[in-house]
Amino acid sequence: MLPQKQAEEVMMSSLTQTVEREEGEEVKGDDNSHFSFKNFLWHGGSVYDAWFSCASNQVAQVLLTLPYSFSQLGMLSGIIFQVFYGLLGSWTAYLISILYIEYRSRKEKENVSFKNHVIQWFEVLEGLLGPCWKAIGLAFNCTFLLFGSVIQLIACASNIYYINDNLDKRTWTYIFGACCATTVFIPSFHNYRIWSFLGLGMTTYTAWYLTIAALVHGQVENVRHSGPAKLVLYFTGATNILYTFGGHAVTVEIMHAMWKPQKFKYIYLYATIYVFTLTLPSAIAVYWAFGDQLLDHSNAFSLLPRSGWRDTGVILMLIHQFITFGFACTPLYFVWEKVIGMHDTKSICLRALARLPVVIPIWFLAIIFPFFGPINSAVGALLVSFTVYIIPASAHMLTYRSASARQNAAEKLPCFIPNWTVMYVVNAFVVVWVLVVGFGFGGWASMANFIKQVDTFGLFAKCYQCTPKVLPSNHTLHH
């Protein structure tokens with residue numbers, strides 16, 4: 001037992017030294033006068049950077065749709081599902097981090113260098129389980145991140161409309177698509193240090209604005225809290241919360257950006273605990289104030305009276321959605337760079353030019369499906385369920401299915417898991433629950449709701465859920 005423990009320590013020490021050496025080579029040559037300022041803002045890789053990245057990325061525009069989910073689920077179910085899926089998401093993020101460490105430690109033994117190369121989830125799956133798993137991981141991960149980016153564009157148009165309704169939401173989508181395309185100039189997750197910090201501050205402000213504004217506003221007249229009223233709405237709301245805490249499709253890229261990636265294991269859990277302080281109070285307060293009105297208003301901003309505080313929240317969320325768009329798109333940029341052979345290129349301008357084709361389909365899909373709210377649930381059921389819940393749990397079970405793999409694991413079991421049998425039981429529960437409830441019932445409900453939106457508003461809807469503008473009467477014009 002002692003030799004095994006010593007071997008683990010040597011392995012982790014070797015991994016840390018290799019990562020630090022590669023990171024040191026990246027910044028070598030920078031002038032000392034630039035180090036304190038440039039690296040402070042631009043070059044992140046600490047545990048705190050990873051925490052800010054996870055927390056900021058996890059609670060983006062979905063913060064505005066959680067009251068809508070509460071109106072579908074009811075107050076009690078909404079709270080239970082938030083806590084349950086938050087913990088479930090933290091668990092699978094932990095599994096992904098373990099598999100990354102396992103993959104990287106095996107490659108370190110083979111003297112493989114990852115200088116100028118960002119490890120991604122599908123490469124971890126290929127290295128541990130073979131090419132078939134690579135194809136599965138690549139398909140689900142890329143499709144999820146594609147639609148995750150689409151959702152951010154839709155949210156931008158939905159939010160700005162509440163400040164300036166002179167343009168319809170589709171036109172705003174055109175404008176923000178061009179703005180978000182500038183994320184092609186951000187090289188990697190190392191360079192999101194200041195953005196992650198600012199992004200979390202923006203969502204914190206917005207969450208507490210929603211909470212306080214709803215409480216100050218009070219309950220609307222004859223408010224009703226009838227949820228859950230229909231089974232289809234119940235599972236639609238549940239899958240939106242599944243989507244909320246399934247933002248760890250970029251976990252591997254965030255880990256790779258760390259100087260000591262083996263310290264990531266519990267970061268996602270700590271980030272989730274903080275996110276609870278934002279999502280629970282705001283969703284509870286807004287649902288308490290407006291009740292069933294939220295069933296027809298998927299964006300919480302739409303029911304709160306316009307004020308300087310609300311406009312500030314809208315603007316901050318717009319900036320944050322730009323940041324989250326970059327988070328979701330950056331792994332897609334990496335994949336595209338590897339496909340066309342540009343991933344090792346050091347020129348930021350050349351890489352940015354090569355990345356632009358990735359933005360075009362995202363832009364187009366945001367114009368076709370502008371259904372803010374329902375699209376979250378559809379993506380959650382059909383893509384998030386597999387990408388960040390079923391595949392990581394299944395991959396972990398298969399990676400350590402042999403006794404030798406368990407004995408030589410790069411990371412030992414966590415202190416709260418007594419043995420491998422319990423580990424397999426927990427992972428099997430995750431797979432079965434998400435497959436049946438998330439993908440099965442959730443897929444049925446979210447697609448039924450999504451199809452209803454298409455039938456009601458049509459594809460390429462010019463202004464989804466916009467209140468019709470009242471034209472002045474003939475008497476008013478004459479007067």
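Me: At 0% relative accessibility, is Asn159 buried or exposed?
Reply: Buried means under 20% relative accessible area, exposed over 50%, and partly exposed in between (1.4 Å probe, protein chains only). Asn159 has 0% relative accessibility, so it counts as buried.

Me: What pLDDT do local features need here?
Reply: Residues are numbered from 1 along each chain as its sequence is written, and side-chain values use heavy atoms, without hydrogens and water. This is a predicted model, where totals for chains, interfaces and linings use all residues, side-chain atom pairs count only at pLDDT 80 or more, and local features need pLDDT of at least 70.

Me: Which helix holds Asn159?
Reply: Helices are DSSP runs (H or I, at least four residues), numbered from the N terminus. Asn159 falls within residues 131-160, which form helix 7.

Me: Which residues does Asn159 touch, not counting residues up to four places away in sequence?
Reply: Contact means heavy atoms within 4.5 Å. Asn159 touches Leu64, Asn299, Phe301, Val314, Met317, Leu318 and Gln321.

Me: What is the volume of the largest cavity?
Reply: A cavity is a set of points on a 1 Å grid over the protein atoms alone, where a 1.4 Å probe fits but cannot get out. Points are joined across faces, edges and corners, and the volume is the space filled by probe spheres set on them. The structure holds 7 cavities of 30 Å³ or more. The largest has a volume of about 220 Å³.

Me: Which helix gives the largest share of the lining of the largest cavity?
Reply: Lining residues have an atom within 4 Å of a point. Helix 3, helix 7, helix 10 and helix 13 each supply at least two. The largest share is 4 residues, from helix 7.

Me: Where does Met397 lie, and is it buried or exposed?
Reply: Met397 belongs to residues 374-399, helix 15. Its contacts beyond four places in sequence are Tyr424, Asn427, Ala428 and Val431. At 16% relative accessibility, Met397 counts as buried.

Me: How many residues of helix 15 are buried?
Reply: Helix 15 has 26 residues and is largely enclosed by the rest of the structure. The buried ones number 24.

Me: At which residue does helix 15 bend?
Reply: A bend is the angle between axes fitted to the seven residues ending at a residue and the seven starting there. In helix 15 that angle is about 55°, at Val384.

Key. On a 1 Å grid over the protein atoms alone, a cavity is a set of points where a 1.4 Å probe fits but cannot get out, and a pocket is an open set with protein on both sides within 12 Å along at least five of seven lines; lining residues have an atom within 4 Å of a point.
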